[in-house]
Amino acid sequence: MLKKNDEIPLMIKSCTVQGSGVGNYDGLTVFVRGAVTGDRVIAHIIKVKKTYAVGIIKKITQKSPDRIKSICPISEKCGGCCFAQINYEAELKIKRQQVEDNFKRLAKIDTEIKSIIPSPETERYRNKAQYPISGNSDFAEIGFYAPMSHRIIDCSDCRLQPEDFKRIIDIFREWIRDYKIPLYNEQEHTGMLRHIYIRKGFVSNEIMVCAVSTDRNLPHTDELCKRLNDRIDNVKSVLLNINPDKTNVVLGKECVTLFGSDTISDELCGLKFEISPLSFYQVNHNAAEILYTKAKEYAGLTGKETLIDLYCGTGTIGLTMADSVKQLIGVEIIPQAIENAKRNAAANGISNAKFICADAGEAAKMLCSDGIEPDVIILDPPRKGCGKELLETVKKMSPERIVYVSCDSATLARDCGILSELGYQTREVTPVDMFPRTGNVEAVALITRN
């Protein structure tokens with residue numbers, strides 16, 4: 001009988017999308033974080049349940065051919081790059097299999113899962129980073145959370161982020177130390193500076209730096225702005241975001257501009273976009289262009305369609321299709337993002353688009369009651385997916401095609417299962433790797449009315 005602290009030999013036969021190797025011992029499934037398919041390991045058991053156990057690698061007795069040396073010195077501790085020790089081809093296979101498994105297990109529908117489209121880059125591809133902070137002003141820990149915890153692993157340079165971001169974090173460390181900036185303590189809900197949030201336009205090269213504080217009176221921000229402006233030429237915006245709540249949510253609702261502009265700009269699929277701190281913008285620029293091209297292909301546009309883009313954010317995905325439709329209607333609940341979307345349409349000379357600030361479900365009901373008959377609906381919801389009520393409203397609008405873009409194939413599969421019951425068939429799904437080295441994978445589905 002397997003028990004905690006046992007050390008067992010294990011052959012790793014597969015790998016989860018969270019980066020844990022999977023083996024079997026006396027009929028019990030054992031998950032081992034950091035193990036690779038094909039590894040033989042000695043696993044130290046740290047948890048035993050009725051149907052599974054969890055272990056950590058004590059020793060690798062035989063390395064898998066898929067195992068590589070991680071380029072990051074903290075990847076074993078950090079909760080970000082769960083595939084840092086696996087070659088990219090093997091990572092892509094795991095991610096595509098995850099999408100296929102979710103459709104078989106959750107949707108219980110037979111649909112074609114296409115080959116996964118790889119990211120053009122696997123390093124330095126992210127245009128956004130959120131760094132939690134802990135410790136004290138003499139030694140600030142700035143980095144990323146350890147797996148399944150809020151314990152911060154200090155990181156001087158993440159290989160997924162642009163090199164500019166490292167220089168910005170170094171300036172923050174120095175400023176915190178020099179001015180004894182009070183850091184936020186999550187357990188006691190004391191202190192002020194809680195996160196550093198950075199965005200970059202990969203085409204424009206413009207950078208936005210945002211300090212997240214519990215209080216609008218964060219001291220010595222003038223000196224922070226001066227150091228950033230003096231040392232990094234492409235910082236175009238420095239903001240203070242106020243988040244006083246006892247919450248895991250990074251950003252509060254209020255932003256104050258400390259230096260430069262309220263927004264930065266970028267270009268995507270040949271269009272110019274304005275990006276604010278609270279607006280959604282895909283984190284992998286080059287892979288996003290691939291994803292949006294596939295979504296437009298699935299939409300099958302001829303120039304005569306009415307297109308509704310639910311969860312439109314700053315309008316990126318809908319506006320890239322505006323030149324191929326009669327009318328575009330975008331819906332987003334965040335007011336700042338809707339204002340960005342309107343300005344983005346104007347900046348690109350797009351006159352056939354309108355944007356509504358509302359909850360997606362309520363807006364869909366309103367459009368349905370107004371007799372709007374869309375030919376195509378774009379769904380790009382947050383990780384939790386759409387849910388049955390919204391999908392029932394979408395069904396009442398009776399679009400010919402639905403193009404569903406998802407960052408979580410489990411909720412995508414669930415919602416495709418619901419749409420199947422409502423008379424819509426998922427024709428095919430294409431996974432797109434927007435997040436190399438991590439356990440996340442994007443997917444886009446073509447869904448048509450029966």
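Six strands of the predicted model form an open sheet in the order β1-β5-β6-β4-β3-β2, in which the pairing is mixed; strands here are DSSP runs of E with at least two residues, helices are runs of H or I with at least four residues, and both are numbered from the N terminus, while two strands pair if DSSP finds at least two bridges between them. The edges of this sheet are β1 (7–11) and β2 (14–15), each of which pairs on one side only. Strand β2 runs antiparallel to β3 (residues 20–25), with two bridges between them, and Ser14 lies opposite Val22 in β3. Residues are numbered from 1 along each chain as its sequence is written, and side-chain values use heavy atoms, with hydrogens and water left out. Because the model is predicted, local features need pLDDT of at least 70 and side-chain atom pairs count only at pLDDT 80 or more, whereas totals for chains, interfaces and linings use all residues.

An open sheet of eight strands, also with mixed pairing, has the order β7-β22-β23-β21-β20-β17-β18-β19. Its edge strands are β7 (112–113) and β19 (353–357), each pairing on one side only. Strand β7 pairs with β22 (residues 424–432) in the parallel sense over two bridges, and Glu112 stands opposite Glu428 in β22. Helix α7 (residues 360–369) packs on this sheet, touching β17 (306–310), β18 (327–332) and β19, and its direction makes about 145° with that of β18; contact means heavy atoms within 4.5 Å, and axes are lines fitted to C-alpha atoms, for helices over the stretch in contact, with angles running from 0 to 180 degrees between N-to-C directions. Helix α9 (residues 409–421) lies across β21 (401–406), β22 and β23 (442–449), running at about 160° to β21.

The axes of α7 and α8 (residues 388–397) come within 9 Å and cross at roughly 20°, and the two helices are therefore roughly parallel to each other, a term that covers angles under 35 degrees. The contact involves Ala360, Gly361, Ala364, Lys365, Leu367 and Cys368 of α7, together with Glu389, Leu390, Thr393, Lys396 and Met397 of α8. These residues divide into six nonpolar, two polar and three charged, where Ala, Val, Leu, Ile, Met, Phe, Trp, Tyr, Cys and Pro count as nonpolar, Asp, Glu, Lys and Arg as charged, and the others, Gly among them, as polar.

The secondary structure of the chain comes to nine helices and 23 strands, and its C-alpha atoms fill a box of roughly 65 × 60 × 35 Å along the principal axes.

Notes: Parallel < 35°, antiparallel > 145°, perpendicular 65-115°, else oblique.
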